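This briefing goes through one structure by topic. Please keep the sequence and the coordinates open while reading.

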Amino acid sequence: MKGFVRIALAAALVALPATQAAAGWKLIAAKESVQVAKSKMAVTPNEAWNRGTHRASKKGETWTLDGPSISEVYFAAALLPGETFYKDTDKKNHPLPMMGKNLQLTDIPEFYESSQRIAYSTSVYEVTGIEPMKFLGQDGVKFSYTFALQGNPLQYKGLARATLIKGQLYLISYDAPALSFFDRDRAKAEAIMDSARL
Amino acid sequence: MRFRQLVMMIAAVSVATEPVLAAPAVAPLPKPAAVEIVADESYVPQDQDERGLWMEMEKVERELKISPLVMRDPALNAYIKSVLCKTIGQARCAPVRLYIIRTSEFNATMAPNGMLEVYSGLLLRTRNEAQLAAVLGHEYTHYAQRHSLKLFRDVRSKSASLMWLQMVVGGLLASLMILPSIFKHSRDMEQDADVGGLAFMSKAGYDTREAARIWEQLREEMDATAASRKVKSRKDKDHGMFEDHPPSSERVKYLTEMAAKDPGTPGATGQEAYAANMAPDWGDFADDQIKQNDFGASDYLITSLGKQGWTDWLYFARGELYRRHAAEGDLEKAAGFYGEGIAASPGLPDLWRGRGLVLLKLGRADEGKADLREYLKRAPDASDKAMIAMMAGG
């Protein structure tokens with residue numbers, strides 16, 4: 001247990017709410033094109049999705065069907081060298097990796113894996129497949145992964161598509177529990193990825 | 001004010017070793033006293049408080065039993081358990097349930113009900129059996145001395161005073177008056193556990209100087225992290241009266257003094273046995289570390305292991321670290337490390353993958369593509385074969 005007395009002290013001293021302000025969600029209508037991650041990247045979902053109003057980063061955005069621990073689609077757009085996939089929450093001790101210069105497509109799964117490992121505080125994470133695939137009309141990379149989280153008996157599966165356009169990184173990923181949910185919503189998430197346009 | 005939460009949290013968690021936390025104490029620590037080890041294999045909870053703590057921990061243990069983070073490899077579990085048994089003796093060791101947790105963090109904890117968690121990040125950092133024994137003996141002492149229960153009772157007894165003080169002098173001030181004594185209690189228990197751990201090491205026939213080495217290594221690792229991040233080292237970061245562990249500099253000092261008085265079996269570090277048993281997993285643990293985005297610490301850990309003998313996976317880990325870091329000159333160094341790995345033992349196909357990707361970035365396309373083709377030849381079922389084939393030119 002990490003510094004349990006200090007955690008307890010923080011709880012004792014600081015009159016903060018037990019959890020951060022709950023993330024808000026806004027309904028996205030089906031069959032309508034919508035720009036995501038404060039960028040020109042637009043997608044058209046086949047069904048209604050919930051769009052998170054709390055951004056995981058300046059250039060990121062989260063969607064879900066039933067809640068992010070059940071199904072999560074993450075968009076990152078126009079990321080530049082020196083920027084991170086998510087907002088740093090513990091920069092002093094666990095800074096997120098920054099996008100490097102001269103990225104190759106094979107660097108993207110590594111960059112995303114390291115970001116997710118740190119953001120989720122887990123070492124149980126494996127990239128299970130990497131293959132070339134067109135994304136946003138460009139040569140891109142498609143990759144799949146699995147991971148598990150502390151205090152959670154579920155295994156998670158994920159898949160992502162990404163590309164680099166004029167040195168900027170674009171990515172859409174989909175994570176869900178391997179048990180039932182991943183397969184249930186996979187086609188819906190992939191349809192969003194298929195629909196992505198710049 | 002959330003003192004109830006504090007009490008509940010302390011009740012719900014075990015006393016833990018948090019080796020990373022280290023800072024100068026406000027007051028000099030007392031001279032370590034001998035620790036009486038009172039637990040044995042037949043021990044059961046004695047009263048309502050202790051039964052409550054055990055129940056809480058049993059709930060945690062039920063979750064742990066099905067956690068995907070637990071490493072279930074029988075050989076690794078058998079080895080760690082054997083070191084524990086050698087350290088604390090067969091009778092004490094038998095009822096302990098060991099859970100090896102896959103996480104890059106440096107930690108181990110033993111809960112009041114006899115559930116021992118050992119993190120893989122610890123197994124990457126301890127260099128020999130003696131160092132592992134020091135940590136396991138430390139944790140067992142927490143358990144044997146029922147430190148969680150004592151801390152719980154300490155908090156409860158002080159909570160009444162705290163509530164009264166809150167009414168009189170206000171919440172924050174009241175906390176500042178009461179809480180330091182709880183932290184002091186925690187620091188004292190950590191020191192007792194260090195004393196107990198060293199006594200176990202000595203009795204088991206290990207070189208007790210290795211206990212202090214753990215903290216020296218950790219301080220060196222913190223320096224390495226700081227140097228690469230261009231910040232001040234946190235090895236002497238001071239949380240003052242709110243520090244729950246003795247400062248690492250103090251631990252080095254008193255453990256060194258204790259080892260001089262009770263050397264155990266000088267030279268008996270069990271380094272070879274440890275390295276042989278860790279070999280199948282160290283590559284994975286190093287991989288976890290590299291992906292934590294701490295270049296300085298990762299390079300320090302890899303080169304420290306390299307001093308015990310460079311292997312193909314160590315060269316590979318260093319190549320991966322430098323390739324991902326990719327600061328000026330890093331790619332050339334990475335290519336060199338992969339090359340040394342190939343020369344040492346060409347059994348790891350990923351050495352060619354890494355070098356191939358680096359050479360492509362360095363503009364040496366023909367050599368890079370040749371390496372990538374060699375990788376595909378050696379790993380025809382690789383999960384990234386389609387991608388690498390494309391980069392290798394079809």
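The model is predicted. In chain A, 8 strands form an open antiparallel sheet. Chain B comes to 17 helices and 5 strands. The largest nonpolar core has 145 residues, and among its members with the most contacts to other members are A:Phe75 and B:Met201.

**The sheet of chain A**

- The strand order in the open sheet of chain A is β1-β4-β5-β6-β10-β9-β8-β7, and the pairing is antiparallel.
- The edges are formed by β1 (25-28) and β7 (125-135) of chain A, each of which pairs on one side only.
- On average, neighbouring strands of this sheet are turned by 20° against each other, with direction ignored.
- Within the sheet, β5 (residues 60-64) and β6 (residues 72-79) of chain A are paired in the antiparallel sense over 4 bridges. A:Gly60 has A:Ala76 in β6(A) as its bridge partner.
- In a regular strand, side chains alternate between the two faces of the sheet.

**Hairpins of chain A**

- The antiparallel strands β7(A) and β8(A) are joined by 10 bridges. For A:Glu126, the bridge partner in β8(A) is A:Thr146.
- The hairpin of β7(A) and β8(A) has 2 residues between the strands, and A:Leu136 takes a positive phi near 55° there.
- Between β8(A) and β9(A), which also run antiparallel, there are 9 bridges. A:Gly140 has its bridge partner in β9(A), namely A:Thr163.
- The hairpin of β8(A) and β9(A) has 6 residues between the strands, and in this hairpin A:Gly151 takes a positive phi near 70°.

- Helix α3 (residues 181-195) of chain A lies across β6, β9 and β10 of chain A. This helix runs at about 160° to β10(A).

**Loop residues of chain A**

- Which residues are found in the loop between β10 and α3 of chain A? A:Leu179 is one of them, and A:Ser180 is another.
- A:Leu179 counts as exposed because 12 other C-beta atoms lie within 10 Å, and the limit for exposed is 12 or fewer. A:Lys157 is 22 residues from A:Leu179 along the chain, and their C-alpha atoms are separated by 9.0 Å.
- A:Ser180 has a positive phi of about 70° although it is not a glycine. With 11 other C-beta atoms within 10 Å, A:Ser180 is exposed.
- A:Lys31 is in the loop between β1 and β2 (34-35) of chain A. A:Lys31 is not a glycine, yet has a positive phi of about 65°. This residue has 9 other C-beta atoms within 10 Å and is therefore exposed.

**The largest nonpolar core**

- Of the 145 residues in this core, those touching the most other members are A:Phe75, A:Ala76, A:Leu169, B:Ala133, B:Leu198 and B:Met201.
- Helix α8 (residues 171-204) of chain B gives the most to the core, with 11 residues.
- Apart from neighbours within four places in sequence, B:Met201 is in contact with residues including B:Thr87, B:Ala130, B:Ala133, B:Ala134 and B:Gly137. Its other contacts include B:Tyr206, B:Thr208, B:Ala211 and B:Gly264.
- In soluble globular proteins, nonpolar side chains tend to be buried together.

**Chain B and its helix α16**

- Chain B has 394 residues, of which 51% are buried.
- Among contacts in chain B with a separation of 6 or more, 71% are between residues 24 or more positions apart.
- Helix α16 (residues 365-378) of chain B has 14 residues, so at 1.5 Å a residue it should span 20 Å; the end C-alpha atoms are 20 Å apart, which agrees.
- Which residues of α16(B) are buried? They are B:Gly368, B:Asp371, B:Leu372, B:Tyr375 and B:Leu376. These residues are on the same side of α16(B) because they cover an arc of only 140° around the axis.
- The buried residues of α16(B) pack against α15 (350-361) and α17 (385-391) of chain B.
- On the face of α16(B) turned away from the buried side are the exposed residues B:Asp366 and B:Lys377.

Notes. Residues are numbered from 1 along each chain as its sequence is written. Chains are lettered from A and ligands numbered from 1 in the order in which they are written. This is a predicted model: local features need pLDDT of at least 70, side-chain atom pairs count only at pLDDT 80 or more; totals for chains, interfaces and linings use all residues. The expected span of a helix is 1.5 Å times one less than its number of residues. A residue is buried if 20 or more other C-beta atoms lie within 10 Å of its own, exposed if 12 or fewer, and partly exposed in between; C-beta atoms are placed from the backbone. The arc is that of the directions from the helix axis to the C-beta atoms. Two residues are in contact if their C-beta atoms, placed from the backbone, lie within 7 Å. Two strands pair if DSSP finds at least two bridges between them. Axes are lines fitted to C-alpha atoms, for helices over the stretch in contact, and angles run from 0 to 180 degrees between N-to-C directions. A nonpolar core is a set of buried Ala, Val, Leu, Ile, Met, Phe, Trp, Tyr and Cys residues joined through C-beta atoms within 7 Å.
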